[in-house]
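Let's take a walk through a protein model together, from the overall picture down to individual side chains. Keep the viewer open and follow along as we go.

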Amino acid sequence: MSIRRLALASVAWAVACGRPAPRATGPNVVTITATDYAFGMPDTIPAGLTTFRLVNQGKELHHASLVRLGEGKTAADFQAGLAAAMKSHAPPSWMTFPGGPNAVTLGDTAIVTQMLEPGSYVFVCWIPSLDGVPHVMKGMMHPLVVAAGAASSAAVAEPATDVTIKLTDYDFQLSQRLTAGKHVVRVENTGAQAHEVVIAALTPGKTLQDFIAWEAGGEKGPLPTGQWLGGVTTLDVGGHSQFTTTFAPGSYLLLCFWPDAKDGKPHIIHGMAKQITVS
């Protein structure tokens, strides 16, 4: 019997027995539209494996960092404690960080896939404007309810990945060299504190040292990077996520800007910045 006839026979048998025919499933896909300074997206999504597509339609860099709120906590609690949390080296224990799509160039799209448990969340953009004020302080946040139910994709398998990046204190460890083309990258936080990874293409002739000097100098003058390719926003210890992006040949930076748990300085100041070559 041919494969086609076998498939039709299976469907007919399922109908005859009063059972629904099997159907292919995949991650729930959610599109987030970032503008200056807001997220356009649903207020409620089903739990399970989820692919977030962050489309940057603003005039600045944006990311969508996902914050899970503890039981009984709301977006209002998050907003009320935001100023104090940003001044502290450690956020409140009822805030946890499961990842999200990282910074992407204006007009581009960042893609991240991760498992979501039911609960209350908030999407936040921590990136500062030229005036130094983080976008979240300008209102760039969006409450999200992740609901359990029949629409859940919890049983869906995670996509296959071809490269792994491990986040440590304070380094990026790649399972193999990146080559030009499309990659699905698994990101694992094996460090002792929260970390992120964001990827930026270096302007030809520029190096990591140029970027560090630009950062240390108050981010003045031309940015020594070109396209920003996304990555994964803040992940808690032991967390993992996946992102999909396409690399052209050239030099790239892997960066972590998350504040250190001890002194509050961005992890790039502690050396969590790496230059790689894609051939």
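Predicted model: local features only at pLDDT ≥ 70, side-chain atom pairs only at ≥ 80, totals over all residues.

Residues are numbered from 1 along each chain as its sequence is written, and side-chain values use heavy atoms, with hydrogens and water left out.

Let's begin with the whole protein. Its secondary structure comes to 4 helices and 17 strands; here helices (H or I, at least four residues) and strands (E, at least two) are DSSP runs numbered from the N terminus. Of the 279 residues, 41% count as buried, where buried means under 20% relative accessible area, exposed means over 50%, and partly exposed lies in between (1.4 Å probe, protein chains only). A contact means heavy atoms within 4.5 Å. Among contacts between residues at least 6 apart in sequence, 70% join residues at least 24 apart.

Now for the interior. A nonpolar core is a set of buried Ala, Val, Leu, Ile, Met, Phe, Trp, Tyr and Cys residues joined through side-chain atoms within 4.5 Å. The largest one has 37 residues, and Phe 78 and Trp 126 have the most contacts inside it. Leaving out residues up to four places away in sequence, Phe 78 touches a set of residues including Val 67, Leu 69, Trp 94, Met 95 and Trp 126. Apart from this core lies another, of 33 residues, with Ala 103, Met 140, Val 198 and Trp 214 among them.

Trp 214 takes us to helix α4 (residues 208–216), where Leu 208, Phe 211, Trp 214 and Glu 215 are buried. These four sit on the same side of α4 because they cover an arc of only 125° around the axis, the arc being that of the directions from the helix axis to the C-beta atoms. An α-helix has 3.6 residues a turn, so residues three or four places apart point the same way. On the face turned away from the buried side, α4 carries the exposed residues Gln 209 and Ala 216. And what covers the buried residues? The cover includes β13 (195–202), β14 (225–235), β16 (250–255) and β17 (273–278). Just after the helix, Gly 218 takes a positive phi of about 85°.

β13 and β14 run antiparallel and are joined by 5 bridges; two strands pair if DSSP finds at least two bridges between them. His 195 stands opposite Leu 235 in β14. β14 is mostly covered, with 9 of its 11 residues buried.

Next, find Tyr 37 in the loop between β1 (28–35) and β2 (38–40). With 24% relative accessibility, Tyr 37 counts as partly exposed. Aside from neighbours within four places in sequence, Tyr 37 is in contact with several residues, among them Glu 60, His 62, Lys 138 and Met 140.

Lys 138 also forms a salt bridge with Asp 131 (2.9 Å, N to O). By salt bridge we mean a side-chain nitrogen of Lys or Arg within 4 Å of a carboxyl oxygen of Asp or Glu. Asp 131 is exposed at 52% relative accessibility, whereas Lys 138 is partly exposed at 30%. The structure holds 4 salt bridges.

Another pairs Glu 158 with Arg 186, their closest N and O atoms being 3.6 Å apart. This pair links distant parts of the chain, 28 residues apart: Glu 158 lies in the loop between β9 (141–147) and β10 (163–168), and Arg 186 in strand β12 (residues 181–189). Arg 186 forms a salt bridge with Glu 188 as well, at 2.6 Å between the closest N and O atoms. Through shared partners, Glu 158, Arg 186 and Glu 188 join into one network.

Finally, how many disulfides does a search of the whole structure find? The search, for pairs of cysteine sulfur atoms within 2.5 Å, finds 0. Cys 125 is buried at 0% relative accessibility, and Cys 256 is buried with a relative accessible area of 0%.
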